[in-house]
Amino acid sequence: GREVASCSAGTVSHGESFLSSCSITPHNISLWSIQSPKLYRLQAQLSAPGSDSANVTVAFRTTKWDGQTGFYLNGKQMKLRGFSHHNSFAGIGVAIPARINLFKVQTTRALGGNVWRTSHNPYVSHLYELTDRTGVLVWDENRDYGPKYVQEMGDMVKQHRNHPSIIVWSLCNEYECEQSQDETGFQFRAAALAQDPTRPLTANGNLDKSGTPSVNGKIKIEVQGFSHSNNGTFEKFHSGQFSNVPTVLSECCSCTASNQRLPFASRGVPECLRNQNSPGLLPFVAGSLGVWTLFDYFGEQQSWPNVACQYGQMDIAGFPKPHAYWYRANWLAGFSVDDPGRPALPDLKVARVLSLLPQWISNSTSINTLSSTPYSELLVNNVSQGVQAAVPGQQTTWKVTKPSANEPCVFPVTLQSVQCHGLASVGSAVTADECRAACCQRHGCRVWQWAADQGCWVGG
């Protein structure tokens, strides 16, 4: 690739250790961003023939956290939108290969997310390489918090500090954050800044016994994260003595839902997603970056015999639940392709049936849909149920009347050009029209075939 800068760091004698630094002034560089994650290779090389060299991937970008206006990347204001993760996947466990983590990163982007929260521990190295390459920001979170774990905080920062996708270091999560005296926060801060003085520090919850980001003017963290908090919590914090401290909704929205096709509204999921994400929309809040969670995971099950939680937008095997499309409509389709916080994906419209009962209740049923457009039309068996005004990104409910017996059946199709196996013979149907009608009258029938010498065959 094209060289953008170079410098000479000094000399070293054979067998000696040498620590040096030099300053460079890059020329004509491209900044790393969500929409264009430009990377560069930094090479350190000894000048003697045949000597060793080391390569590190780096990038150039700026970040800013502001207590009044939120978060900026490369001088452009944007909202953080993202998901928390558990370091496991379906039958694989915690030894997740890069290909699966790439799938999880791309799923984050497909739902409009721009942040990955590494709850509640540092992740495998290739995960950060993937977020660097795909333009996904990272909230990097330490696991254990207390006086005896200070070195672990410094080790995490030292290992990950060259990754441009990381925008903040998190000291701890919820309960762990509250168990120590304030001196622990100061020690963790010193350990992190010794390895990286460029990024701010944060925590997912009230830090130490004081529960504050600083004590008597002495700073512990620059960014205050809030877990499962409402608008009033943010407004109270912002109106008090820490009004200039940047805030972010770092965890929210444990909206329980299985992958069953039950009525979407019966689980309260639409209201949960909308209301619990709402603090991230406050003008002084940086966003909502830790929706709990992107994927279902083993553990924290609600009741026996369940073995996995059901908080995810994707089920345990990685298939989308209906409410995954709420995020796709609101976080992706709801933003211009030029929005600096939107993943670099094509413009799109979302139209999705969220829940559909498997059978009619009496002579009518309810069908819930979601669209990213101001109007939507529902077709049942190719028959329009009309056009409704819709709030983009919100649920629309349709009351649908059961078709009468003499209404034409238009859904089943004939596949005359192929030989279908597993179909049932209908001897009473002696014409193509009678064969088609026989399929219409059978529950679950989707395919019919008729031939003069073979008769009528129908099935699913």
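**A walk around a predicted barrel**

Which residues of α6 are buried? They are F234, F237 and H238. These residues span an arc of only 95 degrees around the axis, so they sit on the same side of α6. Now look at the N-terminal end of α6. N230 caps it. A side-chain oxygen of N230 lies 3.1 Å from the backbone nitrogen of G232.

Next, the strands. Strands of a sheet pair through backbone hydrogen bonds, and the pairing is either parallel or antiparallel. Here, eight strands form a closed barrel with parallel pairing. Follow them in order: β6-β7-β8-β9-β10-β13-β14-β15. From one strand to the next, the twist averages 25 degrees. Pick out one pair. Strand β8 (residues 137–141) runs parallel to strand β9 (residues 166–173), and four bridges join them. Within this pair, W139 stands opposite V168 in β9. On the sheet packs another helix, α8, which touches β6 (80–84) and β15. The direction of α8 makes about 155 degrees with that of β6.

Now turn to the nonpolar residues. The largest nonpolar core has 36 residues. Which of them touch the most other members? They are F83, F234, V291 and Y327. Four elements each supply at least two residues of this core: α6 (231–238), α7 (269–277), β15 (285–291) and α8 (324–333). The biggest giver is α8, with eight residues.

V291 is then in contact with G82, F83, S84, C252, C253, N277, Q313, Y327 and W331. Two of the residues that touch the most other core members, F83 and Y327, are on that list.

Finish with S288, which is found in strand β15. Is S288 buried or exposed? S288 counts as buried, because its relative accessibility is 4%, and the cut-off for buried is under 20%. What does its side chain meet? The side chain of S288 makes a polar contact with the side chain of N277, at 2.8 Å. Leaving aside neighbours within four places in sequence, S288 is in contact with L80, R81, G82, L249, C252, N277, G280 and W331. Among these, G82, C252, N277 and W331 are also in contact with V291.

Definitions and conventions. Residues are numbered from 1 along each chain as its sequence is written. This is a predicted model: local features need pLDDT of at least 70, side-chain atom pairs count only at pLDDT 80 or more; totals for chains, interfaces and linings use all residues. Side-chain values use heavy atoms; hydrogens and water are left out. A nonpolar core is a set of buried Ala, Val, Leu, Ile, Met, Phe, Trp, Tyr and Cys residues joined through side-chain atoms within 4.5 Å. Buried means under 20% relative accessible area, exposed over 50%, partly exposed in between (1.4 Å probe, protein chains only). Contact means heavy atoms within 4.5 Å. A polar contact is a pair of N or O atoms within 3.5 Å; within protein, one must be able to donate a hydrogen and the other to accept it, and residues adjacent in sequence count only if both atoms are side-chain atoms. Two strands pair if DSSP finds at least two bridges between them. Axes are lines fitted to C-alpha atoms, for helices over the stretch in contact, and angles run from 0 to 180 degrees between N-to-C directions. The arc is that of the directions from the helix axis to the C-beta atoms.
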